[in-house]
Every structure is written in C-alpha cells, then in structure tokens.
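Thanks for coming. I have a few minutes on one structure, so please look at it first.

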Amino acid sequence: MDVLFLLLDGVIACLEPLNLMLIVIGVTVGLFIGAMPGLGSVNGVAILLPATFLVPPTSAMIFLAAIYYGAMYGGAISSITLGIPGASTAVATTFDGRPLALSGRANQALVTAAIASFVGGTFANLLFTGFAPPLASVALSFGPPEIFALMLLAFATFVGLGGDDIPKTIFSICFGLALAAVGFDVISGEPRLIFMDITGFMHGINFLVLAIGVYGIGEMLWTINSTRDDITMTGAEITVRNVMNAAKKSVGAWRGTAIGSGLGFFVGILPAAGATPGSLMAYGVTKMTAKNPEQYGKGSINGVAAPEAANNSASTGAMLPMVTLGIPGSPTTAVLLGGMVIWGLQPGPRLFTDQPDFVWPLVGSFYVSNFIAVLVNLAFIPLFLWMLKMPFTILAPVIFTLSVVGGYAATQDMHDVWLMLIFGLGAFLLRILDYPLAPAGLAIVLGPIAEPTLRQSLLLSDGDPMIFFDRPIAGPITIIALVLIFLPLFKLIFDRIRKKT
Amino acid sequence: MRRAELVTAVILSLLSIYIMWKSGQSAWGDGWGESIRYIEGEGPGSGFWPFWLAVGMLGSCIWVIVNWVRKASPPSRSEERFLDNYGIMMLLKVGGGVTAFIGLIHFIGMYGAMTVFLIYYLAFLGRHNWLTTLSIAIGAPIVTFFFFDVAMRIVLPKGYLEPLFLPLYDIFL
C-alpha cells in the first residue's frame, strides 16, 4: 500500500501549476518533435536539455519525460498522414497506417493510434510502479563488481541483440567510454587524454556535447541528405463525432493493443532494443498470430495499434533500469540520465530511498503525461497536420541554431561547441557507413560509473578478474553478458553446421 | 562506399593508436606506460582503462578491415558512392554554413552569428521570402536573449558587438 500513497503524492506533485504547465508544454513539444520526420524523442530531449536549467531538477525531469512521452504519440501522425515515419519508433505504424489513410480512413488510424498508445503507456506505467521499488531495493545491496557486471550486460545487449555490424558496435562502445575518460582521473586526480595538449579537454567531454553533436547536427545532416523526394500528405477530418465513431471502432484493435503493451515493456527494458524493435516485434507477433494475416499491410487497425501500444510501453520500460539501476534502457533515457548527473543527483538504486521527492513525482508524471498526451494528441491533430506542412528548410536552421546555443549553454566554453561540430560531422559520415551511434551515447554516460567500479573491484580482489565471476549476483550477470557477446559467434557456427548437414 | 569504408577504418585505427599512446603518458612525468599498470595498493593506474578501451577500438578497426577484405559487410560490397553530388553539395552548403556560424561567434558573438546564419540558410538555401526570413532571423535572437541571458543568467558570447548590449544589460539584468 505504501507504494500507492507514494504514487498519489507523486501525482499530486505533478498537478502543481509549474509542473502541470511543463507537462502540457512538454507533451505538445514532444508530439511535434515526434511528428516531424527526422526528429525523434532523443533529438528533442538532447537539444532541449540545456533549456531546463531554468527550473528545479524534478520539474526539468518531468518536462523531458513528457517530451519523451509526447514523441511516442507524435510519431504516428506523420506515419499515417505522410507515409513516412515521424520517428524510427513509428516505422511499423506506416505498414497499416498509410494504407488506412490512403483508403480515406486517416481518422480511424489516428484515433486508434492514440488510444493504443494510451493503453500501452498506462499498462507499462502500472508494471513500472509494481516492479521499480522491489528492483531498487535488491539493487541497494550491489557493490562495485555487481554494478560493473550490469554495465557489461548493458553493452553486451548491443553486441548480441543490436543487430548492427559487430566490430562497429564494439568500436562505438569503446570510443564512447574512452571519451568519457578524458579529463581528470577521479581516482588519482591525474589529468589524462589531453589531446593535442588543448586545455579545453581538461574539464572532460560533457556528454551533452556528444549528444547534441550526434542527435542535433549529425542527424539533421543525415535527414537533409536522405529525404530528397517530395512528400504527399493525406489530410484527415477531425470532428468530435468522427473521433467518437473511430474510438468505438478502435475496440476492435484490442488484440494488437494487448500484444504491443506487453511485449513493448519487456523489450524496452533492454538497453539495445527499446521502442523501435519493440514496435516492429509487436507488429510481427500480432500479424503472425492473427486469424487473417493477409489483411495486414492493407489497412488493419490491429496493425496500427500493435506498434503504437508497443512504442509507448517500451518508453516506460526503458525508464525502469534507468531509475532503479542507473542504466538507461534507450538513447533518450541515456540523455535523461546524463541530465540527472548535471543536476547533482546520483542515479542508481539509492534514488528511491534518498530522493523520494524526485522519484515519485517523476513516476506520477508518467501517468499524468500519458493522460494529457492522449488529449492533446486528439484535440490538436489539425494543428499538427498544419505544422507538418512547414518546410524542412525552416525547421533545419532553427534546430542547428538551438544545437549551437544549447551546446554553448551546457558548459559555456567555445571549445565544446567546436567539439560538438566535429562530433556532428563525424557522426554523419560514420552513419553512412553503418556505424551505430547509440552505443557511444550510452557509453559516454555510463563511462564515469563503469570505470571506478571496475578499478575498485580490481583493487578489492588484488587485480584478480575472477571477482566478476565468483560473487553470487555479479557472477551470473557477467556470464549472461559474455553469452550475449558471443551470441553472434554461436549463431555463425550453428549456421555453418546446419549448412553442412 | 568501398573505398570510404577502408579509409575510415584506417583513420579510426590511427585515432585508436593515438589514444593508446596518450593513455600511457603520465601527467606527472613518470615513464611511458607506468599509468597503464596495476599499482600495488592503488589498483589500476589512470591510463589503464582508456588504454584497454583503445586496444578494443583498434581491434574492432582491424576486424572491420578484415571484413572489408572478405567483403563481408554491406558497405564493403556497395558500389554506391559514399556521398553523391547532392550529398557533397549539401555537406558544403549546410555543414559549411554551421561551421561558419560557429566561427563567426568568436567575432560577432552568438547573436550576430545566429542572425547571419539564419538569413543565409532561410533566404539562400531555403529560398524563402524576405518576410519569413527576417521574422525568424530577428525573432530567434530576441527569444534566445530573454531565455538565456535574462531568465537563466547564462551569458552567451557577444564578441565585438558587446557595446550594443550594454543598454539591454542595464534594463534587464
């Protein structure tokens, strides 16, 4: 029962005027960011994080979480009306959302998407509230070896489940961790990796510099380079009556919604997976288990509901390891975690005991944001459709400007702005060659936690790496991590054997 | 694409070797490699972690090169150009524009550079009319000023335009 009272307190804290206002603004901005092709929740959160230094940490976090939520709803709008996903998380929504729109049922698709998102989000919130406190209390007993083993597991999921080129994934992880090591060594106090002896490296590389470089500048260049074709938009007539009718018919999408909600949450917890594969998997499973799979891809409302329920559910799922263990479940939560460090909060299981005034309003805000997102989404669909007509040549320079200003505001050092530009240009070029960048973003956030725990563990054991194997909790985690790392190798060997027989 | 894949892997290998070498350097004048070792009673030295990460980076680059030789990864088989003409022009115009923007901050400050960049992008790259261009190019710095300088007290650089802002400081700060 304690949990319910704490949650209630949290919800009440969210209804304070400042927080409520931030939720409404955040959700609206998130919907817009999600709907704009080329911008997803991670871009919005990374670029707008410096703007939140104005309000207290709890409100800032609530605002950013609201953007995250809104973006999950927003992605569907452009998937359905433009036929191009507003964010990678809404790719699967185009499969059935676009055919629905083309056959004149854009209303139905938009309303079903919003309702499925709401159900998925609510279901995941309930799971989160149930799982988070016990998980955090188990994690309280973790020492450095356990925490390092968890970090290893987080990175192992990228190698084993990420699906990207493996050496490039490993490169991305190691590079991100190495960037996090620049500056003063926290244990010996020695300055290290001062590249070219430039003094700007002394204060280290702020994760925001990498995040804004990659997700602001790099991603914009990528979008401009890859979207060259003209896009045709399908309008939708939104009236109260249409929405009510469509809402009634959305009940028929209960199966997709249920599969998406359940699957999305658990896929969302994994650091390498998250909302994009979660929504694709939910679509696949719903289609596979359907009585009439041939209807999918031609305009099935279950096909819209499954990925939309899944991406909202996954975004809450990604919050679970971030809040309880200090390990983000998605690139967006990695940025949020970095923000928490900037605000002077120590991420990890102690948050629940030491900072209940921070955690519970945040959890409460998931519920409130979800509720407000569905209202704003349905009420302002015409407005979002109008904004989607805005040419990219207006949005792009504004995003570049926000990135540069945000990059400067974060550390107030021009050195970091130049570094951000280098990361942005580098990210653009590397992305063409299939180098995954999310692992590097996660690594630069986790680096400052991973390194001290590794060194403390080795000091505890006099330099013997067996410490990661012979402790009761760290051992199994390390072994699972190693299995994941070698999973692609096993698969390769298995395939070879099967080919021979 | 095939050539770009190899060139990139080689450049990243050189970067890895540079980080390995840099990790072994001690800021306190110990010989090269002292910081990578396990120090009795202190645990691994300050360069230990970045050194082995850089080894991991180098290893991955070599793996990428091996894949390139075996043509095992999609970019190493691709016949497409790494950047086509559109891509190169885009990078020069847009990437160059952002670079010039950041460079100009040193001289005419954040606000001056922002205005110049927005006018360049909106009017010349986007071909928008002057009304749209000027309303954004003038509106953006004003909003930014009130948000960062006034509300958050994060003073953005002004460069040689500093004197213009003195009356504004008197009123708002």
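Let me start with a definition: buried means under 20% relative accessible area, exposed means over 50%, and partly exposed is in between, with a 1.4 Å probe and protein chains only. By that scale B:K71 is partly exposed, with a relative accessible area of 43%.

Now the conventions. This is a predicted model, in which local features need pLDDT of at least 70 and side-chain atom pairs count only at pLDDT 80 or more, while totals for chains, interfaces and linings use all residues. Residues are numbered from 1 along each chain as its sequence is written, chains are lettered from A and ligands numbered from 1 in the order in which they are written, and side-chain values use heavy atoms, with hydrogens and water left out.

Back to B:K71. The loop that holds B:K71 runs between α2 (48-70) and α3 (74-77) of chain B; helices here are DSSP runs of H or I with at least four residues, strands are runs of E with at least two, and both are numbered from the N terminus. Most residues other than glycine have a negative phi. B:K71 has a positive phi, near 55 degrees.

A:M196 is not a glycine, and its phi is positive at about 55 degrees. A:M196 sits in the loop between β2 (191-192) and α9 (207-226) of chain A. Is A:M196 buried or exposed? A:M196 is exposed, with a relative accessible area of 63%.

Next, A:A178, which belongs to helix α8 (residues 166-180) of chain A. A:A178 is buried, at 2% relative accessible area. What does A:A178 touch, leaving aside residues up to four places away in sequence? The answer is A:L193, B:L53 and B:M57, where contact means heavy atoms within 4.5 Å.

Last, chain B as a whole. Chain B has 6 helices and 2 strands, and along the sequence they follow the pattern α-β-β-α-α-α-α-α. The domain assignment, which is automatic or from a database, gives domain 1 (2-77) and domain 2 (85-172) in chain B. Their centres, taken over C-alpha atoms, are 39 Å apart. The C-alpha trace of chain B spans about 60 × 55 × 25 Å along its principal axes. Of the 173 residues in chain B, 46% are buried. For contacts in chain B with a separation of 6 or more, 51% come from residues 24 or more positions apart.

That is where I will stop.
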